[in-house]
Structure formats: structure tokens, C-alpha cells
Amino acid sequence: MSATGRIHSFESCGTVDGPGIRFIVFLQGCLMRCQYCHNRDTWDTHGGREATVDELMHEAKSYRHFMNSSGGGVTASGGEAMLQPEFVRDFFRAAQAEGIHTCLDTNGYIRKHTDVIDEVLNATDLVMLDLKQMDDSIHQNLVGVPNKRVLDFARYLHQRGQKTWIRYVVVPGYTDDERSAHLLGEFIKDMDNIEKVELLPYHQLGEHKWEAMGFDYPLKGVNPPKKETMETIKEILSSYGKKVMY
């Protein structure tokens, strides 16, 4: 019997959520409340629709040529994929059995470390981990939860030697200052499992979703960071010995 999970949607030929051309599954549900979230409609754990691993694999395999020729694969994103670890585990195992690369896009907010977490990671070729902010007081203001569990998960990935990319969203007034960049650099400098850091400039593309759902967009009026700001943060993080891109 094929495992069943709750998904928001999937994208057949994504190019920004991992290497190459990817089949991306956006799972439903998230415990963070990021003020800049562009997938506000994924928060509700009861939203979306049910889907099976067999259904997703049937779709994914139809794009195998494009994935394989570009060094791509499948990505589990969200929402937050690790709220449904058994489903992600079974999806990734099925993908790997077909020779398809697997990527986990996660915020790292793992409430309880159980065996299934390791089972997911054992079936994961690449983890893309969002590190929102190292300063916990700012982190809580920006995303609504403390960062301890996220940082513990990052340390665990390093302990496992798990191939990881770090994602850092540059949000004016929250994460665009030099101090925050240095704190991040200090935290990851000795983590040799981290292949690179991706800087993601804040954007306003999710504002319409908030408004369509009847909510006020928290960062209304906040503009994307300037190129000079992105370059400064890139230089700082690069000084800690990491490859940095945006």
C-alpha cells in the first residue's frame, strides 16, 4: 500500500530548489510564522490535499530525462516537509530506488528527534537548511519560534556529515545587518559538510496571498535589499571560508 501524505502542490520543472531541474513537492503544514512567507496558504496542517507516494513517483518519473540530464532530482519542500517525515522517507526511498537524486528543503524546526528523522536523512542526498537568524530574540520576532531546535539540527547534520546547503533570506531590518552575517559565519565556519550558502533577497511576491486570505501582510512597505547590501553580506560570509551565492 502506497504511503499517503498531505501536499499543497507540486512543480514539475523547478530550477531554484536544489541542483538541476527538479520535481518539487510542497507539503502542507508549517509551525513557523515567517513574516515574509510567500506560501502563507501552506501553514494549515489540514489544508491541501492527500497524495500518495505512487502518485508523486508516477509524475516525477515522467520528467526523469530532464532531471537526469541536468543533474536534478526530486525535492520535498513546503510548508515544512519534516512535519510529515514518514511520507518524505517513503517518497525519497522510492525516488532513490529509481536512481533519482533527493533533496530535503527544511527550516530545521524538529520538535522531537526520533528514528524516522534519521531514516529520512539516510534517504536524503542533499539538505537545504534555512537558517533564518542567529540572534534568538530577532528570530522569534521574525518567524515566531526560538532558534534552538534549528541550530541543534544544523549541528546534527554536521555530526552526520550530511551534505548541506544553507539558505539565508536577507530581510531589511531583520537579517540584513553585518552583525547578523558575522554571527552566521561564526556558527557555520567549521561545518565542513556545508557545500555553500545561498543568499535569498527578500521579495514581496507573497503579499497577495496574505491579502487574498484576509490577513494583513506584516512586512507591507518593506522593499527588497539593495545589491550593495547583498554584496556586503556575501563578502562577510565568504570570509569564513564558505562558498556564497545569490
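Q: Quick one before we start: what counts as a helix or a strand here?
A: Both are DSSP runs numbered from the N terminus: helices are H or I with at least four residues, and strands are E with at least two.

Q: And what kind of model is this?
A: It's a predicted model, in which local features need pLDDT of at least 70, side-chain atom pairs count only at pLDDT 80 or more, and totals for chains, interfaces and linings use all residues. Residues are numbered from 1 along each chain as its sequence is written, and side-chain values use heavy atoms, with hydrogens and water left out.

Q: Nice. Where does Q28 sit?
A: Q28 is in the loop between β2 and β3 (49-52).

Q: Is Q28 buried or exposed?
A: Q28 is buried, at 3% relative accessibility. Buried here means under 20% relative accessible area, exposed means over 50%, and partly exposed is in between (1.4 Å probe, protein chains only).

Q: Which residues does Q28 touch?
A: Setting aside residues up to four places away in sequence, the list includes R6, I7, H8, W43 and Q84. Contact means heavy atoms within 4.5 Å.

Q: What does the side chain of Q28 reach?
A: The backbone oxygen of D41, at 3.0 Å. That falls under polar contacts: pairs of N or O atoms within 3.5 Å where, within protein, one must be able to donate a hydrogen and the other to accept it, and where residues adjacent in sequence count only if both atoms are side-chain atoms.

Q: Switching to helices. Which residues of α7 are buried?
A: In α7, which runs over residues 178-188, they are S180, A181, L184, G185, F187 and I188. They lie on the same side of α7 because they cover an arc of only 165 degrees around the axis; the arc is that of the directions from the helix axis to the C-beta atoms.

Q: What covers them?
A: The cover includes α6 (148-160), β7 (164-170), β8 (194-201) and α9 (227-238). On the α6 side, L151 lies in that helix and is buried, with a relative accessible area of 9%. L151 is in contact with L131, M134 and F187, leaving aside neighbours within four places in sequence.

Q: What happens at the start of α7?
A: A side-chain oxygen of D177 comes to within 3.4 Å of the backbone nitrogen of R179. D176 is in the loop between β7 and α7 and is partly exposed, with a relative accessible area of 26%. The side chain of D176 reaches the backbone nitrogen of G173 at 3.0 Å, and D176 also touches V170, V171, T229 and I233, not counting residues up to four places away in sequence.

Q: How about α4: what do its buried residues pack against?
A: They pack against α3 (85-97), β5, β6 (126-130) and α6. The buried ones in α4 (residues 115-122) are V116, I117, D118, V120 and L121.

Q: Where is Q162, and what does it touch?
A: Q162 is in the loop between α6 and β7, and counts as buried at 6% relative accessibility. It touches L121, T124, V127, L157 and N193, not counting residues up to four places away in sequence. A polar atom of the Q162 side chain lies 3.1 Å from the backbone oxygen of T124.

Q: On to pockets. What's the volume of the largest pocket?
A: About 830 Å³. A pocket, found on a 1 Å grid over the protein atoms alone, is an open set of points where a 1.4 Å probe fits, with protein on both sides within 12 Å along at least five of seven lines; lining residues have an atom within 4 Å of a point. Grid points are joined across faces, edges and corners, and the volume is the space filled by probe spheres set on the points.

Q: Last one: which peptide bond is cis?
A: The one from G78 to G79 is cis, with omega near 15 degrees. G79 is in the loop between β4 (73-77) and α3.
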